[in-house]
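Dear colleague,

I am handing over the structure we spoke about, and my notes on it follow below. Please keep the structure open beside the text as you read.

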Amino acid sequence: MEKKSSAFFSFLKSEKGGKIILAIGILAILCIFLSGYFSGGDGEKSSQAQPGEAQILSADEYAAKLENKLTDIVGSIAGAGDCKVMVTLENGIQYVYAQEEKISENKTQDSTNSTTRTQESGDQQRTYLIVDGGSGKQALVVTEVQPTIKGVVIVCQGGDVPAVQQRIINAVTTALAVNSTRVCVAPLS
């Protein structure tokens, strides 16, 4: 066994073995590179996000998605019955982009007898990191800040029963991490 492993390692250390490993590595990189072009199928982007890929929503889509989820949750609360949900947002989705900062600072100091004079000058330059994505070149997003929820209105059949109102308010404030003053529950007419 030891002879086989030492023969294998000596082959790898040889010039021919090194070339074979290099060729395999280049082939693997080429396969990874080409898989990005052929994974799209007919060229249209699917609406479902792939693992490791962020799905970008507009603020309206984000609010609609929250409304759908809340409608399901509230509709399943005992006594709530049929319901309608509206979510309002204070702002849209905000993106924080990766950037490089170059700061250069020059300081000179003059000392004569009893006075000291300092002169400072500084330059600051920010550049955004650009990546070549599937849809062209774009700035590299570091994080996505979700919109702040302004308020939630829920209209449901059991909205006039205080115990049902409290269960709905508790569910919504827990799910969205908002204050109860931002949630209104009313009876369905």
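I168 touches V74, I77, A80, I154, C156 and V185, leaving aside residues up to four places away in sequence. Please bear in mind from the start that this is a predicted model, and that every value below was computed from it.

I168 also belongs to the residues with the most contacts inside the largest nonpolar core, together with V87, I149, V152, V172 and L176, and this core has 25 residues. The elements α3 (59-75), β1 (83-89), β8 (149-156), α4 (162-176) and β9 (183-187) each supply at least two of the core residues. As general background, nonpolar side chains in soluble globular proteins tend to be buried together.

Apart from residues up to four places away in sequence, C156 touches A80, D82, C83, I168, V185, A186, P187 and L188. The C-alpha atoms of C156 and G75 are separated by 8.3 Å, although the two residues are 81 residues apart along the chain.

The sheet comes next. Three strands form an open sheet in the order β1-β8-β9, and the pairing within it is mixed. The edge strands are β1 and β9, each of which pairs on one side only, and the twist averages 15 degrees from one strand to the next. In general, strands of a sheet pair through backbone hydrogen bonds, either parallel or antiparallel.

The two pairings can be taken in turn. β1 and β8 run antiparallel and are joined by seven bridges, and in this pairing K84 has V155 of β8 as its bridge partner. β8 and β9, on the other hand, pair in the parallel sense over five bridges. On that side V155 has A186 of β9 as its bridge partner, C156 has P187 of β9, and V152 stands opposite V183, again in β9.

As for the helices that accompany these strands, α3 lies across β1 and β8 and runs at about 145 degrees to β1. The helix α4 takes part in a β-α-β unit with β8 and β9, and this unit is right-handed.

V161 has its place in the loop between β8 and α4, and V161 counts as partly exposed because its relative accessibility is 38%, which falls between the limits of 20% and 50%. V161 and V185 are 24 residues apart in sequence, and their C-alpha atoms are 9.9 Å apart in space. A177 lies in the loop between α4 and β9, and its phi is near 55 degrees, a positive value in a residue other than glycine. A177 is exposed, because its relative accessible area of 70% is over the cut-off of 50%.

Of its 189 residues, 17% count as buried. Among the contacts with a separation of 6 or more, 65% are made by residues 24 or more positions apart.

Finally, a word on confidence, which I would ask you to keep in view when reading the model. The mean pLDDT of the protein chain is 75, and 59% of its residues reach 70 or more. Over residues 40-53 the pLDDT is below 50, and this stretch has four contacts in the model beyond near neighbours in sequence.

With best wishes

Note on methods: Residues are numbered from 1 along each chain as its sequence is written. This is a predicted model: local features need pLDDT of at least 70, side-chain atom pairs count only at pLDDT 80 or more; totals for chains, interfaces and linings use all residues. Side-chain values use heavy atoms; hydrogens and water are left out. A nonpolar core is a set of buried Ala, Val, Leu, Ile, Met, Phe, Trp, Tyr and Cys residues joined through side-chain atoms within 4.5 Å. Buried means under 20% relative accessible area, exposed over 50%, partly exposed in between (1.4 Å probe, protein chains only). Helices (H or I, at least four residues) and strands (E, at least two) are DSSP runs, numbered from the N terminus. Contact means heavy atoms within 4.5 Å. pLDDT is the predictor's confidence in each residue, from 0 to 100. Two strands pair if DSSP finds at least two bridges between them. Axes are lines fitted to C-alpha atoms, for helices over the stretch in contact, and angles run from 0 to 180 degrees between N-to-C directions. A crossover is right-handed if, with the strands pointing away from the viewer, the path from the first strand over the helix to the second runs clockwise.
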